[in-house]
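Subject: Structure handover

Hello,

Here is the structure you asked about. Please open it alongside this message; my notes follow below.

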Amino acid sequence: MKKIILLVVVIFGAWNFFLREPQGNRSDNTEQAESLVTSTPQNPEHLQTDQKFQCDGREHCSQMTSRAEAEFFVRNCPNTKMDGDGDGEPCERDSRF
């Protein structure tokens with residue numbers, strides 16, 4: 001009986017471990033969000049340009065039609081995968097832009 005209880009505790013602990021997000025990622029995401037908020041330009045021309053784009057679930061450079069669109073998605077939409085090195089410049093290896 002003790003072995004069964006121990007097995008259940010170990011399985012439950014492993015399950016919680018794999019479902020939890022690592023602590024390092026939480027602080028990184030918070031820092032990224034803060035830097036995005038503070039680095040958003042207040043230029044009215046910039047806001048007018050961004051109004052023609054909207055977050056619609058696209059995440060990759062191959063789904064973008066222009067660099068401006070990619071930049072909008074990186075700045076404003078969640079879960080994008082276009083800025084691999086985190087320098088704020090999306091689709092650096094995409095030869096179309």
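Cys55 is partly exposed, because its relative accessibility is 40%, which falls between the 20% and 50% cut-offs. Please bear in mind that this is a predicted model.

Cys55 is bonded to Cys77 in a disulfide, with an S to S distance of 1.9 Å. Cys55 sits in the loop between helix H3 (44-50) and H4, and Cys77 in the segment after H4, so the bond ties together parts 22 residues apart in sequence. The torsion about this S-S bond is about -90°, so the disulfide is left-handed.

Is Cys77 buried or exposed? Cys77 is buried, because its relative accessibility is 9%, and the cut-off for buried is under 20%. Helix H4 spans 67-76, and Cys77 is in the segment after it. Beyond its neighbours within four places in sequence, Cys77 contacts Cys55 and Phe72. Gly57 is 20 residues from Cys77 in sequence, yet their C-alpha atoms are 8.0 Å apart.

The structure has two disulfides. The other partners are Cys61 and Cys91, with sulfur atoms 2.1 Å apart. Cys61 lies in the loop between H3 and H4 and Cys91 in the segment after H4, so this pair links parts 30 residues apart in sequence. Its S-S torsion is about -105°, so this disulfide is left-handed. Cys61 counts as buried because its relative accessibility is 16%. Cys91 is buried too, with a relative accessible area of 3%. Counting bonded cysteines along the chain, the disulfide pattern is 1-3, 2-4.

Leaving aside neighbours within four places in sequence, Cys61 touches Met82, Cys91, Asp94 and Arg96.

Now the core. How many residues does the largest nonpolar core have? It has 10 residues. Among them are Cys61, Cys77 and Cys91, along with Phe53, Met64, Phe72 and Met82.

Glu69 is in helix H4. Its relative accessibility is 5%, so Glu69 counts as buried. Phe53 and Met64 both belong to the largest nonpolar core.

Last, the surface. Met1, Ile4, Ile5, Val8 and Val9 make up a nonpolar patch there. Together these residues have about 540 Å² of accessible area. Ile5 is part of helix H1, residues 2-19.

Best wishes

Key: Residues numbered from 1 in each chain as written. Predicted model: local features only at pLDDT ≥ 70, side-chain atom pairs only at ≥ 80, totals over all residues. Heavy atoms only, no water. Helix = DSSP H or I, 4+ residues; strand = E, 2+ residues; numbered from the N terminus. Buried < 20%, exposed > 50% of the residue type's maximum accessible area, 1.4 Å probe, protein only. Contact = heavy atoms within 4.5 Å. Core = buried A, V, L, I, M, F, W, Y, C linked by side-chain atoms within 4.5 Å. Patch = residues over 30% accessible without salt bridge, like charges linked within 9 Å, V, L, I, M, F, W, Y side chains within 5 Å. Areas by Shrake-Rupley, 256 points an atom, 1.4 Å probe, with all protein chains shown as cover. Salt bridge = Lys/Arg side-chain N within 4 Å of Asp/Glu carboxyl O. Disulfide = S-S within 2.5 Å.
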